[in-house]
Amino acid sequence: MDHRIEKIRAKIEPLKQAIINHKLYAVMEDIEDIRIFMQHHVYAVWDFMSLLKSLQFNLTCTSVPWFPKGDGEASYLINEIVTGEESDITPDGVRMSHFEMYLKAMEQSGAPTAPVQEFLKVLQESRNLLPAFEAANLPPSVRDFMTFTFHVIATDQPHLLAAVFCFGREDLIPGMFYSLVNDISEGQPENITLFKYYLERHIEVDGGIHSELALQMTARLCGDNEEYWKQAEAAVSAALQFRINLWNGVHDAIVARKN
């Protein structure tokens with residue numbers, strides 16, 4: 001593994017541990033807490049897909065007529081990840097994206113999906129995040145999280161997209177979700193089986209092949225450009241801080257409900 005990958009890992013380790021050991025997990029005690037978590041987290045699941053597709057747009061030709069574009073190895077890496085994220089398999093053998101799978105899990109748990117559906121509807125019509133934020137009445141922590149994601153997307157810089165995708169999402173998710181699965185796996189009602197499946201799929205997939213592919217893609221896109229590596233490190237650190245802020249927002253919403 002490239003020594004600069006290890007350097008980024010060492011730099012962000014305190015932020016990563018702050019997420020893995022966040023106080024949020026300790027307050028998630030019942031099904032209503034899980035519903036609150038899902039209502040916040042679903043937007044991170046959705047904007048992950050936008051980050052994923054922005055990488056595919058940058059690294060492959062997605063228009064007609066088709067022309068060769070970029071690095072074949074980088075194209076392979078992102079296309080492999082897209083396949084898994086856009087068309088994974090549910091417990092009953094149906095192919096769907098992880099976002100759609102998450103919505104199914106929300107419906108099973110009783111978490112309302114009307115706000116996120118309204119967000120998507122307004123965004124599709126307006127192509128503007130701000131009116132969509134307002135329509136869904138999103139809390140600041142969720143707005144800030146997505147705003148940062150789309151700021152990175154707007155840079156149109158593949159090395160930054162890959163770094164945030166890798167270290168802020170794929171390389172982070174297994175440890176983060178492992179903590180959550182441990183906390184909810186005992187004593188919870190049957191209506192979170194799809195949510196638990198979703199989490200376990202991310203531990204399995206993102207902790208294995210997707211994480212490795214994302215690391216390879218980041219190293220390939222940063223190459224020997226030291227400025228790219230510095231920019232990547234800064235972007236990843238910011239991404240993790242926004243994740244901490246998102247988790248703080250979920251924690252505060254759950255505590256407010258209990259009080």
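Because the model is predicted, local features need pLDDT of at least 70 and side-chain atom pairs count only at pLDDT 80 or more, while totals for chains, interfaces and linings use all residues. Residues are numbered from 1 along each chain as its sequence is written, and side-chain values use heavy atoms, with hydrogens and water left out.

Let's begin with confidence. The predictor's confidence in each residue, pLDDT, runs from 0 to 100; its mean for the protein is 89, and 90% of the residues reach 70 or more. Helices here are DSSP runs (H or I, at least four residues), numbered from the N terminus. Where pLDDT is low, the predicted coordinates should not be read in detail.

Now to the rings. Rings of Phe, Tyr and Trp (its six-membered ring) pair if their centres lie within 6.5 Å; planes under 30 degrees apart count as stacked, over 60 as edge-to-face and the rest as tilted. The structure holds 10 such aromatic pairs. In one of them, the planes of Phe37 and Phe195 meet at 55 degrees with the ring centres 6.1 Å apart, so this pair is tilted. It links distant parts of the chain, as Phe37 belongs to helix 3 (residues 31-59) and Phe195 to helix 11 (residues 193-206), 158 residues apart. Buried means under 20% relative accessible area (1.4 Å probe, protein chains only); Phe37 is buried at 0%, and Phe195 is buried at 0%.

Phe119 and Phe133 make a stacked pair, with 15 degrees between the planes and 6.2 Å from centre to centre. Phe119 is in helix 6 and Phe133 in helix 7 (residues 129-136), so the contact ties together parts 14 residues apart in sequence. Phe119 is buried at 0% relative accessibility, and Phe133 is buried at 3%.

Back at Phe37 and Phe195, ring pairs link these two with Tyr102, Tyr198 and Trp247 into a cluster. The charged end of Arg243 sits over the ring of Trp247, 5.1 Å from its centre (CZ of Arg must be within 6 Å of the ring centre and within 35 degrees of the ring normal).

Finally, look at helix 1 (residues 3-20). A kink of about 55 degrees lies at Ile12, shortly before Pro14; this bend is the angle between axes fitted to the seven residues ending there and the seven starting there. Buried residues of helix 1 include Ile5, Ile8, Ile12 and Leu15.

Technical notes. Helices (H or I, at least four residues) and strands (E, at least two) are DSSP runs, numbered from the N terminus. Buried means under 20% relative accessible area, exposed over 50%, partly exposed in between (1.4 Å probe, protein chains only).
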